[in-house]
Amino acid sequence: MSGSADAEKQAAAEAAAELAEDGMAVGLGTGSTVAFLLPALAARNLSIHCVATSPATERQAVDLGIEVGPFDGIGRLDIAIDGADQIAPDGWVIKGGGGAHFREKIVAAAADRFVVIADSSKPVDSLTPPVPLELAKFGLAATLRELGQVELRDAPESPDGGVIADYGGPLGDPAELAARLAATPGVVEHGMFPPELVSAVLVGRGDTVERLTIPA
Ligand code: 5RP
């Protein structure tokens with residue numbers, strides 16, 4: 001990843017860190033952009049309680065002195081901040097490049113505001129495959145057969161015991177594909193995040209941070 005992409009990720013992450021306030025419950029995403037968010041959040045010395053979407057994020061956050069706890073006794077989050085692999089003009093987002101999309105989607109859906117942070121390579125004219133999947137181990141061969149064009153990722157199983165894979169078939173209408181993936185038994189979660197889930201998109205571009213408008 002080039003230095004300028006890292007600078008853009010950092011700029012977007014720092015802008016998002018400013019959205020956190022004392023007393024908030026905050027969802028922390030996963031990935032190289034979130035890796036810039038965590039020090040920016042820590043530097044603000046806020047009294048916040050966080051939930052992490054991956055062991056890697058949890059480790060980094062705890063090392064930085066951010067309070068992180070389990071996500072089984074908290075019904076809602078004030079804000080969740082996470083990266084993305086692709087961001088379409090209509091607000092559809094593909095996530096899961098790091099295989100954490102199952103937890104990321106639960107955290108995003110539980111948040112009053114879900115803020116996406118990215119460098120300028122992530123906005124695209126239209127979404128293209130692959131779409132990350134988390135699949136149940138039970139009946140895996142049957143699920144793969146049902147889905148069609150899917151490749152298993154050479155990656156460890158998820159913290160929830162799922163198999164990480166990528167759907168490489170035609171994407172077409174994101175809503176239709178998302179519905180088909182969600183309706184396929186054995187698909188634990190897919191990496192397509194609908195616009196209704198996304199509150200704001202902050203994109204680092206050169207020296208500036210653009211706020212993309214999500215159509216209502
Ligand atoms: C992990 C994700 C990441 O947020 C997404 O892949 C973007 O990663 P990065 O910030 O490293 O570009 O969805 O599952």
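How many nonpolar, polar and charged residues does the lining of the largest pocket have? The structure is a predicted model, in which local features need pLDDT of at least 70 and side-chain atom pairs count only at pLDDT 80 or more, whereas totals for chains, interfaces and linings use all residues. Residues are numbered from 1 along each chain as its sequence is written, and side-chain values use heavy atoms, with hydrogens and water left out.

By class, the lining of the largest pocket has nine nonpolar, three polar and three charged residues (Ala, Val, Leu, Ile, Met, Phe, Trp, Tyr, Cys and Pro count as nonpolar, Asp, Glu, Lys and Arg as charged, and the others, Gly among them, as polar). On a 1 Å grid over the protein atoms alone, a pocket is an open set of points where a 1.4 Å probe fits, with protein on both sides within 12 Å along at least five of seven lines, and lining residues have an atom within 4 Å of a point. The largest share of this lining, four residues, comes from helix 4 (helices are DSSP runs of H or I with at least four residues, and strands are runs of E with at least two, numbered from the N terminus).

In helix 5 (residues 140–147), Leu140, Thr143 and Leu147 are buried, that is, under 20% relative accessible area with a 1.4 Å probe and protein chains only, while exposed means over 50%. Seen down the axis of helix 5, these buried residues fall within an arc of 60° and so line one face of the helix, the arc being that of the directions from the helix axis to the C-beta atoms. On the other side of helix 5, Ala141, Ala142, Arg145 and Glu146 are exposed. Glycine 148, which follows helix 5, has a positive phi near 90°.
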